[in-house]
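Biologist: Please take a close look at one loop here. Then place it in the wider picture, and give me your cut-offs as you go.

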2 protein chains.
Amino acid sequence: MDPRLEPLVSKNDSKLILLVADGLGGIGTKADRRTELEVASTPNLDQLAKESSTGLLDPVGPGITPGSGAAHFALFGYNPIDNLIGRGVLEAAGIGVPMTDQSIAVRINFCTLDQHGHIIDRRAGRLSSEDGQRICRLLGQRVTSIKGFRTQFFPVKEHRAVLLIEGADLGDAVNDTDPQKMGVPPILPEGHDSRSAKTAAILIEVIHQATALLRDEPRANGLLLRGISAHRSYRSFQERYALNSYAIASYPMYRGIASLVGMTIAPHTDDLEAEFKQLRAAYRDYDFFFVHYKQTDAAGEDGDFSAKVSAIERLDRLLPMVTDLHPDVLAITGDHSTPSRMKQHSWHPVPVLLNAETARIDAVTAFNEQACLSGALGRFRAEDLMALMLAHAGRISKFGA
Amino acid sequence: MDPRLEPLVSKNDSKLILLVADGLGGIGTKADRRTELEVASTPNLDQLAKESSTGLLDPVGPGITPGSGAAHFALFGYNPIDNLIGRGVLEAAGIGVPMTDQSIAVRINFCTLDQHGHIIDRRAGRLSSEDGQRICRLLGQRVTSIKGFRTQFFPVKEHRAVLLIEGADLGDAVNDTDPQKMGVPPILPEGHDSRSAKTAAILIEVIHQATALLRDEPRANGLLLRGISAHRSYRSFQERYALNSYAIASYPMYRGIASLVGMTIAPHTDDLEAEFKQLRAAYRDYDFFFVHYKQTDAAGEDGDFSAKVSAIERLDRLLPMVTDLHPDVLAITGDHSTPSRMKQHSWHPVPVLLNAETARIDAVTAFNEQACLSGALGRFRAEDLMALMLAHAGRISKFGA
């Protein structure tokens with residue numbers, strides 16, 4: 001949504017739900033052009049499509065395959081190109097690390113180096129999470145400040161961790177140090193401008209001190225740095241949309257993205273039914289609910305067409321738990337496509353339905369890629385979905401005299 | 001394609017073909033709403049549409065009728081408004097004149113003036129190409145430099161030629177001198193800013209010296225100047241898309257546009273079958289092929305509906321020469337519409353099909369304006385076609401973390 005239009009937003013007591021089935025869209029083959037959604041039996045989604053406006057959305061733009069951060073930022077109404085989030089920031093947000101506009105976040109992968117300093121295991125022999133925590137504790141006690149900049153270490157999971165550097169005027173145009181192969185030493189960090197050169201110098205010193213401290217570790221005796229990125233504050237859902245928002249997501253990354261735009265994060269749960277129970281439990285307390293369902297994407301990434309069909313069918317079966325709440329606006333879509341034939345995210349547009357009393361109901365009677373082509377919403381950028389949801393909730397007033 | 005996304009482009013060994021049937025789109029009448037494409041018998045295109053994603057593209061934007069340069073620049077992924085090419089530059093590029101960022105290119109039409117200096121023939125009595133060449137040689141020998149700026153003359157065809165001025169700080173905001181009517185003198189060139197005033201002063205002197213030299217020519221004793229435009233270097237296909245590209249086009253203008261974006265230009269040929277043979281011959285040596293078919297536009301400009309139908313049917317008959325190559329990505333479209341009812345370019349969106357293993361195949365079973373309305377690509381800007389082609393070839397990596 002164009003930030004210039006935000007002054008039109010007003011409050012009322014409507015409830016809005018954005019249900020994101022990750023990687024929802026798919027493709028077929030020349031022999032059978034049906035996608036996972038088209039094969040799946042989805043009576044509840046199809047009934048909802050009959051009573052809704054439908055369409056297709058482009059996560060970023062034609063031909064552009066988004067990462068999860070970019071795709072969700074678009075769904076949340078933030079231009080994903082203007083608001084590119086780095087991997088380090090995303091990782092840090094995912095584990096709840098508090099950041100400021102002076103934070104540089106870096107993803108660490110602990111690795112194993114041989115006596116020549118060459119990488120022999122990029123994941124430190126699948127380090128246990130306990131060892132990862134122990135090592136971060138050690139580094140956190142001994143490496144607290146470099147050149148006057150505060151440094152902190154946070155374990156993520158197994159061999160993964162986050163380094164946070166705090167201080168003014170640090171740039172983030174610094175290369176990854178992971179050469180993505182074995183038998184060679186890590187790459188040295190270099191800054192591409194003077195502010196980033198300062199960051200690179202700090203990182204070199206972090207690597208130097210950490211490697212000395214980890215010298216006797218049998219597996220995690222080295223570090224690879226990736227996604228070196230400066231955090232910037234994003235205007236929140238409350239500030240932009242006057243929405244008190246609640247995020248329900250099982251995976252850390254999506255919880256992190258939601259926290260970057262100021263959503264309250266539901267306690268962790270692993271299952272869609274449990275997520276929908278959280279939605280019901282919190283329903284009176286918030287205006288806007290972001291519910292994230294991961295299994296559709298996971299099955300797509302695995303290349304498992306029928307598992308993705310099953311994941312979609314499970315969503316469909318549980319859907320009455322959402323519709324029974326009778327939200328004023330319910331939008332169901334994906335953040336991007338993950339065709340199981342491609343085993344990865346793709347650029348293909350994603351079906352979307354928007355159910356509301358004020359929706360223009362089209363002739364579409366099924367929720368899938370082909371059917372939604374003739375929907376009333378047409379094809380639009382994911383970035384515009386929030387404005388549509390707010391409008392259908394009566395929360396955007398007239399523009400211009 | 002948004003230049004900020006270019007860092008995502010990577011190389012692989014895929015082959016991409018962009019086949020442009022110039023002026024492909026059309027309109028019907030109230031009595032028979034069918035367009036030329038809808039009337040034509042196109043079994044090969046229709047079969048391909050069944051196995052492809054289809055849609056409609058807007059050359060520049062709704063309601064905007066493009067010239068050939070702008071339309072092709074858009075197809076090549078260059079925003080046609082930000083990258084406006086002047087007629088002089090287009091004409092010069094078409095005849096292979098080398099230009100730099102200090103070149104001003106001007107299209108010359110030799111004309112016949114009476115004893116009062118009034119225009120009596122805007123085309124110098126259909127001057128022969130031989131006379132045009134002779135006159136350009138004469139001017140080129142005698143008018144080599146004006147006010148310290150190098151001047152060169154290049155014959156194009158018949159009464160048409162190109163003037164090239166080389167030197168720093170020359171503007172191109174100068175009016176055409178052709179009054180577009182007879183019985184009046186040519187208009188004086190005037191610059192609309194100080195740098196363009198310098199250019200205008202040079203042009204006035206060129207006109208003065210050339211008119212003196214051509215005083216005794218029976219027909220070509222005057223010059224009309226049009227499309228005064230500064231050349232600027234465009235980033236090439238190699239730089240933007242990591243594509244080694246080859247252009248096959250019979251008309252000079254299209255060869256010129258392709259050369260502006262760094263394509264290698266195939267030897268001249270006059271016929272589509274010969275063009276397709278060139279495609280096959282060069283197929284191993286390049287990644288990207290631009291093949292231009294002029295006859296669809298020519299028939300449209302002539303207002304000859306059935307000739308345009310025939311031109312489309314000829315394309316369809318020869319199409320197996322292209323599909324038998326099994327390119328990884330094949331896009332077929334037009335640069336704009338040229339409805340034979342209008343006898344000129346128009347703004348109407350143009351059907352497009354995109355064939356690739358990774359294409360989402362839609363329910364469209366024919367290649368024409370009406371059928372493609374329900375295609376999976378929807379309606380999009382021509383400028384986005386290159387990103388789509390690259391994505392379907394696996395040449396764009398994921399955006400953002």
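Modeller: Gln180(B) sits in the loop between β7 (160–166) and α6 (194–213) of chain B. Helices here are DSSP runs of H or I with at least four residues, strands are runs of E with at least two, and both are numbered from the N terminus. This is a predicted model, where local features need pLDDT of at least 70, side-chain atom pairs count only at pLDDT 80 or more, and totals for chains, interfaces and linings use all residues. Residues are numbered from 1 along each chain as its sequence is written, while chains are lettered from A and ligands numbered from 1 in the order in which they are written.

Phi of Gln180(B) is near 65 degrees, a positive value in a residue other than glycine. Most residues other than glycine have a negative phi. Gln180(B) has 11 other C-beta atoms within 10 Å, so it is exposed. The cut-offs are 20 or more other C-beta atoms within 10 Å for buried, 12 or fewer for exposed, and partly exposed in between, with C-beta atoms placed from the backbone.

Chain A has a positive phi to set beside it. Glu158(A) is not glycine either, and its phi is near 50 degrees. Its loop runs between β6 (149–157) and β7 (160–166) of chain A. Glu158(A) counts as partly exposed because it has 17 C-beta neighbours inside 10 Å.

For a buried residue, take Ser68(B). It belongs to helix α3 (residues 68–75) of chain B. Ser68(B) counts as buried because 22 C-beta neighbours lie inside 10 Å. Beyond its neighbours within four places in sequence, Ser68(B) is in contact with Met253(B) and Asp335(B). Contact means C-beta atoms, placed from the backbone, within 7 Å. Tyr254(B) is 186 residues away from Ser68(B) in sequence, yet their C-alpha atoms are 7.9 Å apart.

Now a helix pair in chain B. Helix α9 (residues 272–282) and helix α11 (residues 305–318) pack at about 30 degrees, with axes 10 Å apart. Axes are lines fitted to C-alpha atoms, for helices over the stretch in contact, and angles run from 0 to 180 degrees between N-to-C directions. Leu272(B), Glu273(B) and Phe276(B) of α9(B) meet Arg314(B), Leu315(B) and Leu318(B) of α11(B). That contact has four nonpolar, no polar and two charged residues. Nonpolar covers Ala, Val, Leu, Ile, Met, Phe, Trp, Tyr, Cys and Pro; charged covers Asp, Glu, Lys and Arg; the others, Gly among them, are polar.

Next, the chains meet. Chain B gives 23 residues to the contact and chain A gives 32. On the chain B side, β14 (378–381) and α14 (385–392) each give two or more residues. The largest share, four residues, comes from α14(B). By class, the chain B side has 12 nonpolar, four polar and seven charged residues.

Last, chain A as a whole. Chain A has 14 helices and 14 strands. Of its 401 residues, 53% count as buried.

Terms used: Two residues are in contact if their C-beta atoms, placed from the backbone, lie within 7 Å.
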